[in-house]
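Please open the model in your viewer and keep the selection panel to hand, as this tour goes from one selection to the next.

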Amino acid sequence: MAETLTLLDYWPSMFGMRCRIALREKDIKFEYQEQDLWSKSPLLLEMNPIYKKIPVLIHNGKPICESLIIVEYIDETWKGKAPLLPSDPYERAQARFWADYVDKKIYEGGRNVWSTTGEDQGEAKKEYIERLKVLEGVLGDKPFFGGDSFGFTDIALIPYYSWFYSYEICANFSIEAECPKLISWAKRCMEKESVSESLPDPEKIYMLLLELKKKAGK
Amino acid sequence: METVKLYGAWPSPFSYRVIWALKLKGIPFEYIEEDLSSKSPQLLQYNPVYEKVPVLVHGGRPICESMVILEYLDEKWPQQPLLPSDPYKRAEARFWVKFGEDRGPSVWMIYRTEGEKQEKARRDALEMLTILEEHGLNGKKKFFGGDNINIVDIAFGGIAHWMGVIEEITGVKLIEDNKFPLLKAWMHNFKEVSFINENLPNREKMVAFFRARRSMILSSA
């Protein structure tokens, strides 16, 4: 039976980017299907009835939801090339812990930066930089979060790099000035084809953000 | 064999997730009770990011976040597996675990609030329970894991024992008599299993503790 693999995605989504990167790291052919989140397709609603969100990976007709779960699924199903998680259980636990930290602290942190103004935005900026610095501390002098190889935590975090430009313009600050090691790491990741092909142009994301803000009357 | 230590707190369902997993797998461990109002230097050193329990320390190395700990235990001690071996079934199990992590706090919000905020939390919690009943348990056998308890059952253990205490203290009923038959059956089956039954905090103690704490939370709100 021919294998079918479809990724239901939305181009600026950090969560979608994680899946694209994982598939490309493993050289896996897949069909990318752009979704309209304001008018959700019957396929999306059928494949993710509980959350009705992207990304969804559909493998031979069966859906897998939630980006980090999709990345682990890809790693476990296509074991031959580019392991995404370390082999040692303790290191795997650390990778999962920090990917979870990104989900808990970085997504919301970033959203607070672009969606607030005045004093609130000042607070949001401060908080966001503190959280990025925690990650910078974890990275240390290693080339990647996983050590010598690009892996799970790197995949969890790098999509946010495409959104940094937008946060910086909205809140008038430089993430590189505050977290230079993190930006070096991000540029190192961008040298990988799997990453550069999966992240959209930061300028395009900024244009989208302006549109969304206008729609929300901000 | 390297020592296994668990830093936990008796009122915490998250601590109990790890206790149940350790008991299921027959892993010997030393339990250290933390007073959450006065956290030990060790806890703060082992979990500087969140300063929370549970923390598992294996051979001196800490692992934090209950579900990360459970996956670690499953990889180091493969007997009595918590996760299935098939990648698709593993993804399904992890989906339900994440669902519990995302929506479970609504039950605690009922406990921490009153008035309109509590009403919203109640609606959120009911939605979660409905999804569990209709999608999670539908077609399953005794447990989310089939004939035996797995990681999903353990993840939802809080519902089986803590939710009733919250209902009693707040007067907000979530599991009404004729609704949620599958969930009620699951809760009953879960607590009947010996290693769960023998490892649950005392209900009277819980009611007294959580009732007092709720007063404090509301008065400082």
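Helices (H or I, at least four residues) and strands (E, at least two) are DSSP runs, numbered from the N terminus. This is a predicted model, in which local features need pLDDT of at least 70 and side-chain atom pairs count only at pLDDT 80 or more, while totals for chains, interfaces and linings use all residues. Residues are numbered from 1 along each chain as its sequence is written, and chains are lettered from A in the order in which they are written.

Select residues 2-81 of chain B, which an unreviewed UniProt entry lists as "domain: GST N-terminal"; such annotations may be inferred rather than shown by experiment. The span is 38% helix and 21% strand, and its end C-alpha atoms lie 21 Å apart.

Next, select α1(B), residues 13-25, and α3(B), residues 66-76, whose axes (lines fitted to C-alpha atoms over the stretch in contact) come within 9 Å and cross at roughly 10 degrees. The two helices α1(B) and α3(B) are therefore roughly parallel, a term for angles under 35 degrees.

Finally, select E92(B), A93(B), F95(B), W96(B) and K140(B), which lie nearest the centre of the second largest pocket, among its 27 lining residues. On a 1 Å grid, a pocket is an open set of points with protein on both sides within 12 Å along at least five of seven lines, and lining residues have an atom within 4 Å of a point. The largest share of this lining, seven residues, comes from α4(B).

Definitions and conventions
Side-chain values use heavy atoms; hydrogens and water are left out. Axes are lines fitted to C-alpha atoms, for helices over the stretch in contact, and angles run from 0 to 180 degrees between N-to-C directions. Angles under 35 degrees count as roughly parallel, over 145 as roughly antiparallel, 65 to 115 as roughly perpendicular and the rest as oblique. On a 1 Å grid over the protein atoms alone, a cavity is a set of points where a 1.4 Å probe fits but cannot get out, and a pocket is an open set with protein on both sides within 12 Å along at least five of seven lines; lining residues have an atom within 4 Å of a point.
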